[in-house]
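Subject: Structure handover

Hello,

Please find the structure below. My notes on it follow.

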Amino acid sequence: MSAAPIVLHGRRVVGGRTEGEALVTRQTISGWGGVNPMQGVVIETHHELRGVSFKDKVLVFPGAKGSSGWSVAFHLARLAGTAPKALVFNEMTTKIALGAVVMRVPAVTELDRDPLDLIETGDWVIVDGDAGTVEIHKRG
Amino acid sequence: MQLTDDERALLDGRDGKAKQKAMELLVRYAEALGAERFVATTNVAGVPGQGSVFLANYYKESGGGRDAIFSHFDLDSDELVEMPPVVTSSCHLQGGYDPENWQLLGATEQAAQVLKDTEKYAADRGVKILKTCTPYLVGNVPKMGEHCAWMESSAVIYCNSVLGARTNTEGRESTSAAMLTGKIPDFGFHQDHYRRGTHKIEVDVAVDSLMDWGMLGYFVGEVVGERIPVIDGRLGVPDLIRYKHFGAAAASSGGVEMYHIVGVTPEAPNESAAFGGNRPLETFRYGAAERKRVYETLNSNARDADVDYVMLGCPHAALEQIAEACTLLAGRKISPNCRLWIFTSRIVKQQADRAGYTEVIRAAGGHVMTDTCSAIGQALPPGTKVAALDSAKQVHYLPAIMGIQAWFGSTADCIDAALTARWNGRAP
């Protein structure tokens with residue numbers, strides 16, 4: 001039997017509820033020029049997720065950086081069917097807020113504990129944007 | 001959030017479907033941010049309605065036309081609406097292809113046509129077609145304190161830091177909606193307290209040349225991330241071009257949207273004003289060792305000294321930079337094994353044409369082009385393997401986007417590479 005899930009409480013960014021496998025990075029993500037939206041992968045030269053696909057993953061990351069094309073890159077990812085399923089992040093910025101809105105995926109921030117400390121890549125995560133909660137089921 | 005009567009009326013459709021959809025998007029965006037109200041914006045810079053073959057095909061069911069792209073992509077509206085004239089001073093930033101050189105840039109006729117159509121669509125609705133990442137070099141100079149809604153990270157950081165106007169890094173969807181409503185969420189850099197310095201940067205190596213300023217900017221972005229650096233120390237007095245390269249670099253390696261230079265930028269008459277009561281969270285020193293490390297980082301992806309492409313003009317070249325390239329070429333021809341492309345705005349290109357610079361560069365075997373750059377347009381000369389660049393921003397992006405090697409150095413190093421097809425750049 002698996003351990004009881006960990007539940008984090010935060011604030012709604014975009015509503016909706018979904019679940020999926022977590023993809024976690026401690027590095028901020030650049031949109032335009034940092035990801036290839038048609039393939040759904042990170043392309044930034046020095047990024048720890050370089051070459052990794054975020055398609056259908058619950059992306060857990062500190063936040064957005066780089067070009068103002070952040071929303072366009074992830075908006076295109078939505079059209080191309082490569083967008084993440086949900087966003088869980090720490091640092092609110094205009095880039096990530098607009099990107100989350102046009103990606104139309106559940107998104108939460110301002111969690112009561114640091115999701116980067118508690119979620120590992122591969123964990124199963126339930127994101128409830130309306131309630132502002134993240135439920136973590138540890139892998140294995 | 002609190003809406004004024006005017007905002008509520010826009011949301012209720014008083015001024016038509018398009019403005020209603022624009023307001024709906026802005027409300028979703030403001031709620032995501034946690035903003036409590038909007039500010040009135042009088043200066044918007046974006047890429048409204050810009051078409052692409054992908055978008056035209058994607059929205060085929062809605063006719064795939066200009067209104068389909070504007071409705072579904074710009075306003076993120078499921079409903080098709082007709083774009084009305086803009087209500088606030090609005091300009092179109094970089095994007096697409098040079099209308100005179102799209103073939104050289106590798107665009108298809110279809111792509112060039114889509115762009116031409118969507119450009120006219122925006123112009124017909126009152127958008128100024130500046131087609132540059134440097135609107136501030138070609139007449140769009142907001143005044144201190146003015147609430148703006150700009151895209152383009154290198155223009156945003158310039159707007160906040162050098163001009164003292166106020167903008168967040170907006171996106172395509174929020175700027176297009178702001179052009180129709182004159183509203184943008186009251187968040188971040190629109191508010192006094194948000195503009196104060198958070199980190200201190202002590203510079204104790206001389207920073208004078210354009211290359212020096214680019215490297216310092218790259219360092220600053222790396223160490224402060226998205227925060228607000230206050231810079232002091234052995235700095236020469238920056239001109240507009242140095243501010244341009246410094247800010248572009250800081251906004252690429254990190255997410256810097258505003259900086260203060262003590263005694264230089266308008267909101268930093270002294271250090272205490274720059275911090276506005278904040279205690280610096282951390283202090284970073286930039287000395288010879290840090291400069292060396294930045295130089296190595298910027299050159300870490302290049303191995304082959306045979307250079308087949310030199311690109312200048314990131315952010316878009318000022319007229320003085322095109323003149324400098326002409327001086328450095330000194331009447332010589334670039335190597336048959338190398339290409340030289342210089343990117344600028346349409347307005348600066350007109351000046352370069354008049355001054356004879358465009359012809360000097362053409363005679364040497366290079367090209368001056370507008371609207372885009374190799375990273376934005378994903379456009380390289382055929383067969384490019386190794387580029388030489390004088391912009392920390394471009395070297396940050398281009399290898400990742402195009403899968404090539406790229407060297408970083410001074411403008412003189414780059415022109416030398418164009419003439420010899422070899423990289424001879426040296427660490428400062």
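Which residues of α8(B) and α9(B) meet? Before the answer, some conventions. This is a predicted model, in which local features need pLDDT of at least 70 and side-chain atom pairs count only at pLDDT 80 or more, while totals for chains, interfaces and linings use all residues. Residues are numbered from 1 along each chain as its sequence is written, and chains are lettered from A and ligands numbered from 1 in the order in which they are written.

Now the helix pair. Helices are DSSP runs (H or I, at least four residues), numbered from the N terminus. From α8(B), the residues are B:L210, B:W213, B:G214, B:L216, B:G217, B:Y218, B:V220, B:G221 and B:E222; from α9(B), they are B:I241, B:R242, B:H245, B:F246, B:G247, B:A248, B:A249, B:A250, B:A251, B:S252 and B:S253. Two residues are in contact if their C-beta atoms, placed from the backbone, lie within 7 Å. By class, this contact has eleven nonpolar, seven polar and two charged residues. (Ala, Val, Leu, Ile, Met, Phe, Trp, Tyr, Cys and Pro count as nonpolar, Asp, Glu, Lys and Arg as charged, and the others, Gly among them, as polar.)

The axes of α8(B) (residues 210-224) and α9(B) are 7 Å apart, and the packing angle is about 30°. Axes are lines fitted to C-alpha atoms, for helices over the stretch in contact, with angles from 0 to 180 degrees between N-to-C directions. The two helices are therefore roughly parallel (angles under 35 degrees).

α9(B) (residues 240-253) also meets α6(B): their axes come within 8 Å and cross at roughly 120°. On the α6(B) side are B:S153, B:S154, B:I157, B:Y158 and B:S161; on the α9(B) side are B:Y243, B:K244, B:G247, B:A248, B:A250 and B:A251. That contact has six nonpolar, four polar and one charged residues.

On the domain level, chain B is assigned domain 1 (5-192), domain 2 (196-297) and domain 3 (299-420), with bounds from an automatic or database domain assignment. The C-alpha centres of domains 1 and 2 of chain B lie 29 Å apart.

Finally, the two chains. The contact takes 32 residues from chain B and 27 from chain A. Helices α2 (17-33), α6 (153-161), α7 (172-181) and α16 (392-402) of chain B each supply at least two residues of the chain B side.

Regards

Terms used: Parallel < 35°, antiparallel > 145°, perpendicular 65-115°, else oblique.
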